[in-house]
Amino acid sequence: MPYYRSVGEIPPKRHTQFRQPDGGLYAEELMGQEGFSSDSSLLYHRHLPTAIVAAETYEPRPDSRSPNRPLKPRHLRTHKLDAGGDAVLGRAQLLANDDCRISYVVADRPSPLYRNAIGDECLYVEDGAARLESTFGVLELTAGDYAIIPTSVIYRLVPTGGPVRLLAVEATGHIGPPKRYLSVRGQFLEHSPYCERDQRGPTEPLLADGTEVEVYVRHRVRGGTAWSRHVFAHHPFDVVGWDGCLYPWAFSIHDFEPITGRIHQPPPAHQTFQGPNFVICSFVPRKVDYHPLAVPVPYNHHNVDSDEVLFYTGGNYEARAGSGIEQGSISLHPGGFTHGPQPGAPERAIGAERFDELAVMVDTFRPLELCEAALAVEDEEYAWTWSRPAQS
Ligand SMILES: [Fe+2]
């Protein structure tokens, strides 16, 4: 839900003749959400965006999902996953429900062109750098960046300067800033932890030549999702200009301004995005609670309607010291289980002035299931770390 943007060449009036240097018309495309009753953009293609010359089914490696039974808090060590592959087909799916899939990849090569027709994607760059190339242009991504890619945008991700570590949250629907931070017309309000100046969008068109270009499509089928592969007559990166409010955009977690207080601030203070039946929050380095009797780490808590996923992406996470949590760890604290700081952490934290932690949280309102890759890198002792002596 970013603000209006105009890139490249567009005609002064929409839906009017806009001609190429050879005199032919550019092919205008309206891309819009929610039955064209929500955000949209108009794109001007050199070739017909409808021209495909082949279509075939594609079967990715099957993802098995199993319920969190017996119900336990889980700790997944993403850095123990196999590295390599590309940022689309190489994703290791970890946690999933019908609203979102959470996966991780260490991408070391360009991805194929990809169109996710199921919903928006939120990519978080843990480490490294990449170019996100799409029909709308280029976004350069570095560590700490979120990238929001709207449904059905054709894109590819190209690592620049070595492997790039990514957490991917794929929604079944749309991802945007929390509604409470937006005016009725969509402007960020003064109490929002970030605003338009922090958002980055493509700045110029990206044009590529080519014929018979493959695009992987993840799409809807009855009861779930499936993959197909389309072959486009011409390269889809042929847009000379576009305008509107629908486009891929990036935002750095380092531009998220933390909301702090005299006593502990609840998790919604960290909310960064909302999706269908889930939220994404950012925990960033910040001054901590400054009441004279404050206890800076969180109280034990039970988010009874949610499963809480926390991806530890930098700094020291004071509340979890001694639990085995490390850089790249993911914890899953499901509904039906009370969780909280490690034993002794509240006492140790008293007097702290600042926490140097960086984490991305995904709270889902429906239960998450565990995928095969998650079980392969699970720290099975984690569930008992509140009752057993601390690990080093
Ligand atoms: Fe929590």
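**Terms and their grounds**

Tutor: Let us begin with strand S9 (residues 113-116) and S16, which pair in the parallel sense over four bridges. The model is predicted, so local features need pLDDT of at least 70 and side-chain atom pairs pLDDT 80 or more, while totals for chains, interfaces and linings use all residues. Residues are numbered from 1 along each chain as its sequence is written, and side-chain values use heavy atoms, without hydrogens and water.

Student: How many bridges join S16 to S17?

Tutor: Ten bridges join S16 to S17, and these strands run antiparallel. Val 217, for instance, has Ser 228 in S17 as its bridge partner.

Student: What lies between S16 and S17 in their hairpin?

Tutor: Two residues separate these strands, and Gly 223 in the turn has a positive phi of about 80°.

Student: What makes the contact between Glu 214 and Arg 229 a salt bridge?

Tutor: A salt bridge requires a side-chain nitrogen of Lys or Arg within 4 Å of a carboxyl oxygen of Asp or Glu. The closest N and O atoms of Glu 214 and Arg 229 are 3.8 Å apart, so the pair qualifies. Glu 214 lies in strand S16 and Arg 229 in strand S17 (residues 224-234), so parts 15 residues apart in sequence are tied together.

Student: Why is Glu 214 called partly exposed, and why is Arg 229 called buried?

Tutor: Buried means under 20% relative accessible area, exposed means over 50%, and partly exposed lies in between (1.4 Å probe, protein chains only). Glu 214 is partly exposed because its value is 38%, and Arg 229 is buried because its value is 17%.

Student: What distance separates N and O in the salt bridge of Glu 326 and Arg 77?

Tutor: The distance is 3.2 Å. Glu 326 lies in the loop between S23 and S24 and Arg 77 in strand S6, so the pair ties together parts 249 residues apart in sequence. Glu 326 counts as partly exposed because its relative accessibility is 35%, while Arg 77, at 18%, counts as buried.

Student: In what order do the six strands of the open sheet lie?

Tutor: The order is S6-S24-S23-S26-S21-S20, with antiparallel pairing. Strand S6 (74-77) and strand S20 (271-275) are called edge strands because each pairs on one side only. S20 pairs with strand S21 (residues 278-283) over four bridges, and Phe 273 has Ile 280 as its bridge partner in S21.

Student: Which residues touch the most other members of the largest nonpolar core?

Tutor: Among its 71 residues, they are Leu 94, Leu 95, Leu 132, Tyr 146, Leu 157, Phe 273 and Ile 280. Such a core is a set of buried Ala, Val, Leu, Ile, Met, Phe, Trp, Tyr and Cys residues joined through side-chain atoms within 4.5 Å. A second, separate core of 15 residues includes Phe 283, Tyr 312, Tyr 317 and Tyr 382.

Student: What are the protein donors of the iron ion?

Tutor: They are His 301 (NE2), Glu 308 (OE) and His 339 (NE2), lying 2.1 Å from the ion. Donors are N, O and S atoms within 2.8 Å of the metal (3.2 Å for Na, K and Ca), so these atoms qualify; water is not among the atoms, so sites may look incomplete. Along the chain the donors follow the spacing H-x6-E-x30-H.

Student: Why is His 339 called buried?

Tutor: His 339 is buried because its relative accessible area is 6%.

Terms used
Two strands pair if DSSP finds at least two bridges between them.
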